[in-house]
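Have a look at the model first.

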Amino acid sequence: MEPITDSDHLDVVLEQAKQASQPVVIDWMAAWCRKCIYLKPKLEKLAAEYDTKLKFYCVDVNNVTQALVKRGNISLWKDGEMKAEVIGGHKAWLVIEEVREMIKNFV
């Protein structure tokens, strides 16, 4: 999962995805969050599964400006707009199942 480092980078990612007609999944996480730490390798594995259909990115909310922070979640963006989100905070396998379902609805 490629990190998004600032608002300009997010704008570029979303514009490139829009031009390619390819959805993106963005994990808004914190490096200190235990649940985020457990979830990241599972999301990386999911990203490998969907490698040709969509791209996965992550934003460490503690390393970007507050203006970029959307909230603590995993969101799917298509055509430059957020279409769906999964709120984390519970068991990683449940989050992954919800993300998988979200992807099925938009890919």
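Helix 1 (residues 7-19) lies across strand 1, strand 2, strand 3 and strand 4, and it runs at about 155 degrees to strand 2. Helix 2 packs on the sheet too, touching strand 2, strand 3 and strand 4, with its direction at about 160 degrees to that of strand 3. Axes here are lines fitted to C-alpha atoms, for helices over the stretch in contact, and angles run from 0 to 180 degrees between N-to-C directions; contact means heavy atoms within 4.5 Å. Helices (H or I, at least four residues) and strands (E, at least two) are DSSP runs, numbered from the N terminus.

A word on the source: this is a predicted model, where local features need pLDDT of at least 70, side-chain atom pairs count only at pLDDT 80 or more, and totals for chains, interfaces and linings use all residues. Residues are numbered from 1 along each chain as its sequence is written, and side-chain values use heavy atoms, leaving out hydrogens and water.

Now the sheet itself: it is open, with five strands in the order 1-3-2-4-5 and mixed pairing (strands pair if DSSP finds at least two bridges between them). Strand 1 (2-3) and strand 5 sit at the edges, each pairing on one side only.

On to helix 3. Ala 92, Val 95, Ile 96, Val 99, Arg 100, Met 102 and Ile 103 are buried there (under 20% relative accessible area, 1.4 Å probe, protein chains only; exposed is over 50%, partly exposed in between). Turned away from that buried side are the exposed Trp 93, Lys 104 and Asn 105.
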